[in-house]
Each structure stands twice: as C-alpha cells, then as structure tokens.
Amino acid sequence: MGLFGKKSFFPYVGEIGNDVMEEIRGTVARAQGILGLSDGTGGRETAAAINETVDRILENGGLPEGFVDLEDAAVCLGVLFGHALCVGQQWKWKALGENAGNASFCVVSPRDNFSNAPMPYLLRILSGNNRNVDGTNDNTVLLLYNMLENIDRKPEKQKYFPVA
C-alpha cells in the first residue's frame, strides 16, 4: 500500500543502489557528449535535443557517431530522457516490477503517482513500434515530456501508474 491507502501498480517498488545510479550518471554523461549537451542543460532543452536526435534517426536510419547500435541508442537516449524528467520536473529513479529480480529502472513523478520506463519507451520509438492511431510510428519524446509536467495534480487510483 502506498500513501493514503493507494495500492502500487507494481508489486515491487525499490530504491536503486549506488552502483546502478553511478552507471546511470555515466550513461547520462555519455549521451550528453554524443548530443553535444552540457551537464547544466535543463530538462526541457534536453528533451528537445533527444526529440531532434530521434527525428534524425527515424528520417535517415543512421545513428549519430558514438552509438554502437539501435539498442545502445535507446538505452543512452532513454537514460537521458529519465534524467531530463529528474532535472526539469523533479522525478526520481526507482526500480519497479514483479520482484527485486524482475524490476525495471524507471523514473517516477514527485508524488510517486506515475512512472515511466524510459529505455523501453525510446526503444519502442526507435524500432518503429510507437504506433499512432493512424498506424504510423510517432516520435512522442517532447510531447510526453510536456504532458508529464504537473501530472501529479490528477493522480490515478494506483501509485506508480505507468505512462508511455
């Protein structure tokens, strides 16, 4: 049970250890370097840069220098998207899933009402599986970032409800 008797959407909610947080920070720095962003770049600017990079990847099929393959790009851009939410909207990293052995690294909203698994989200977009109602693949990175601003004002009935 969460605060005020709200049940969690996920059976397991855990903190992320220092070793994983260090890996996240390293991946953020790597992605910032590839995209040419500084450490002080704000959340919205970071999300816009990710959005532009994803557009270029989807348009020409090529990856920016520094990414090994599509999965590597999804991990780097996903971690950077999570970082953008942390910097720009005060989200935080948590482990969410069935149990401690089967959990994903996610970002959660300031009041723990919503969650986003940014690496699978970016992989879905980059691999062409983020389908819109018309069946086309949509790059919704900046749209999602903007939609998540102040999302805690309208909470769901369960804590850590997944978005995107």
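Me: Leaving aside neighbours within four places in sequence, with which residues is alanine 103 in contact?

Reply: This is a predicted model, in which local features need pLDDT of at least 70 and side-chain atom pairs count only at pLDDT 80 or more, while totals for chains, interfaces and linings use all residues. Residues are numbered from 1 along each chain as its sequence is written, and side-chain values use heavy atoms, with hydrogens and water left out. Alanine 103 lies in strand E3; strands (E, at least two residues) and helices (H or I, at least four) are DSSP runs numbered from the N terminus. Taking contact to mean heavy atoms within 4.5 Å, and leaving aside neighbours within four places in sequence, the partners of alanine 103 are Tyr12, Ala95, Leu96 and Gly97.

Me: Is alanine 103 buried, partly exposed or exposed?

Reply: Buried means under 20% relative accessible area, exposed over 50%, and partly exposed in between (1.4 Å probe, protein chains only). The relative accessible area of alanine 103 is 27%, so its class is partly exposed.

Me: Which residues of the largest nonpolar core touch the most other members?

Reply: A nonpolar core is a set of buried Ala, Val, Leu, Ile, Met, Phe, Trp, Tyr and Cys residues joined through side-chain atoms within 4.5 Å. The largest such core has 40 residues, and those that touch the most other members are Ile50, Leu77, Phe81, Trp91, Trp93 and Leu122.

Me: Which element supplies the largest share of this core?

Reply: At least two residues of this core come from each of H1 (18-35), H2 (43-60), H3 (70-89), E2 (92-99), H4 (118-126) and H5 (141-148). The largest share, 10 residues, is that of H3.

Me: How many residues does the other core, apart from this one, hold?

Reply: Phe10, Leu96, Cys106 and Tyr160 are among the members of a core that lies apart from the largest one. Its number of residues is 5.

Me: How many aromatic pairs does the structure hold?

Reply: Rings of Phe, Tyr and Trp (its six-membered ring) pair if their centres lie within 6.5 Å; planes under 30 degrees apart count as stacked, over 60 as edge-to-face and the rest as tilted. Among the pairs is that of phenylalanine 9 and phenylalanine 10, which is edge-to-face because the planes stand at 70°, with centres 5.1 Å apart. The number of aromatic pairs is 3.

Me: How many residues apart in sequence are the parts that phenylalanine 9 and phenylalanine 161 tie together?

Reply: Phenylalanine 9 and phenylalanine 161 form an edge-to-face pair, 5.6 Å centre to centre and with 75° between the planes. Phenylalanine 9 lies in the segment before strand E1 (12-14) and phenylalanine 161 in strand E5 (residues 161-162), so the pair ties together parts whose separation in sequence, in residues, is 152.

Me: How many disulfides does the structure hold?

Reply: A disulfide is a pair of cysteine sulfur atoms within 2.5 Å. The sulfur of cysteine 86 is too far for a bond because the closest cysteine sulfur, in cysteine 106, is 11 Å away. The number of disulfides is 0.

Me: Which residues does glycine 82 touch, not counting residues up to four places away in sequence?

Reply: Glycine 82 has its place in helix H3, and its relative accessible area of 0% makes it buried. Not counting residues up to four places away in sequence, glycine 82 touches Trp93, Val107 and Pro118.
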